[in-house]
Amino acid sequence: MRVLVGGGTGFIGTALSQLLNARGHEVTLVSRQPGPGRITWDELAASGLPSCDAAVNLAGENILNPLRRWNETFQKEVLRSRLETTQLLAKAITKAPQPPKAWVLVTGVAYYQPSLTAEYDEDSPGGDFDFFSNLVTKWEAAARLPGDSTRQVVVRSGILTHALEANHVHGVLNGVAPSSATNAEFAQALGAALGHRAFIPVPSTIVQAVFGRERAIMLLEGQNVIPRRTLATGYQYSFPELGAALKEIVA
């Protein structure tokens with residue numbers, strides 16, 4: 001396929017582009033800077049969607065940038081960087097003479113409310129209790145297309161190529177592993193993979209001081225999210241368990 005990737009120069013976008021190329025797909029990036037194999041957002045706005053079979057949007061300001069204070073100015077940048085790029089791509093798809101077959105937006109599990117007891121799947125309610133959940137709601141709404149000529153998929157973090165290539169996949173997918181872990185369990189598993197003791201915990205007051213109370217929730221609390229619909233589509237995880245995944249990474 002010919003795949004257009006918005007925000008494809010970032011950490012996840014670079015990995016996705018390499019994976020797509022390895023699987024035989026042709027990738028064009030949408031970026032703020034021009035270059036080979038790229039178009040700019042301004043060019044997209046002026047000239048419309050280039051010919052492609054699928055479009056993906058990964059663009060957005062890094063929410064957890066520790067060098068940026070969590071204030072109203074940065075919050076507006078976080079919101080604008082996601083909504084404007086998504087709206088621009090959705091508008092270009094709608095106006096395209098030959099729209100792509102698939103349109104995939106990657107958002108996040110911040111849609112669901114942090115909880116120590118609740119378990120969430122793709123049909124669980126959310127999106128209305130804090131800045132980040134409202135961000136995901138607005139973000140996903142900005143991506144919606146009229147009609148059904150283009151298959152639309154929202155991945156709340158992860159599994160990108162599956163959403164692009166599997167023609168039977170529609171709607172929301174939780175792109176998370178089928179086994180969840182707390183931060184303490186993650187630290188213990190990482191220590192085991194490295195052959196070290198678990199790491200010394202960082203006091204919550206320090207995390208809140210660096211990231212601000214609202215962003216710190218993402219690191220200190222979190223959600224137990226289950227990929228029910230993802231598994232039902234036939235997606236198979238290479239590393240469904242945390243321990244095996246970490247051992248592969250550090251090997």
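Student: Which side chain of opposite charge is nearest to Arg 215, and how far away is it?

Tutor: In this predicted model, the nearest side chain of opposite charge to Arg 215 is Glu 214, at 8.1 Å, and Arg 215 is buried yet has no salt bridge.

Student: Ok, which backbone oxygen lies 2.7 Å from a polar atom of the Arg 215 side chain?

Tutor: That oxygen belongs to Ile 63, whose backbone oxygen is placed 2.7 Å from a polar atom of the side chain of Arg 215.

Student: And what else is Arg 215 in contact with, leaving aside neighbours within four places in sequence?

Tutor: Besides Ile 63, the contacts of Arg 215 include Leu 64, Asn 65, Arg 68, Arg 69 and Trp 70, and also Phe 74, Phe 132 and Val 210. Arg 215 itself sits in helix H8, which covers residues 213-220.

Student: Switching to H6, what is its reach from first C-alpha to last?

Tutor: Helix H6, residues 183-194, has 12 residues and spans 16 Å between its first and last C-alpha atoms, close to the 16 Å expected at 1.5 Å a residue.

Student: Which residues of H6 are buried, and what covers them?

Tutor: Ala 187, Ala 189, Leu 190, Gly 191 and Ala 193 are the buried ones in H6, and the elements covering the buried residues of H6 include helix H10, residues 242-250.

Student: What follows H6?

Tutor: Gly 195 follows H6, and the phi of Gly 195 is positive, near 75°.

Student: Now the strands: which ones pair with E7, and in what sense?

Tutor: Strand E5, residues 102-106, pairs with E7 in the parallel sense over five bridges, with Ala 102 standing opposite Arg 151 in E7. Strand E8, residues 171-173, also pairs with E7 in the parallel sense, over three bridges, and there Val 153 has Gly 171 in E8 as its bridge partner.

Student: How many residues of E7 are buried?

Tutor: Four of the five residues of E7, which runs over residues 151-155, are buried, and the strand is described as mostly covered.

Student: Last one, is Gly 175 buried or exposed, and where does it lie?

Tutor: Gly 175 is in the loop between E8 and H6, and it counts as buried because its relative accessible area is 15%, against a cut-off of under 20%. The C-alpha atoms of Gly 175 and Phe 239 are separated by 13 Å, although these residues are 64 residues apart along the chain.

Technical notes:
Residues are numbered from 1 along each chain as its sequence is written. This is a predicted model: local features need pLDDT of at least 70, side-chain atom pairs count only at pLDDT 80 or more; totals for chains, interfaces and linings use all residues. Side-chain values use heavy atoms; hydrogens and water are left out. Helices (H or I, at least four residues) and strands (E, at least two) are DSSP runs, numbered from the N terminus. Buried means under 20% relative accessible area, exposed over 50%, partly exposed in between (1.4 Å probe, protein chains only). Lys and Arg count as positive and Asp and Glu as negative; His and the chain ends are not counted. A salt bridge is a side-chain nitrogen of Lys or Arg within 4 Å of a carboxyl oxygen of Asp or Glu. A polar contact is a pair of N or O atoms within 3.5 Å; within protein, one must be able to donate a hydrogen and the other to accept it, and residues adjacent in sequence count only if both atoms are side-chain atoms. Contact means heavy atoms within 4.5 Å. The expected span of a helix is 1.5 Å times one less than its number of residues. Two strands pair if DSSP finds at least two bridges between them.
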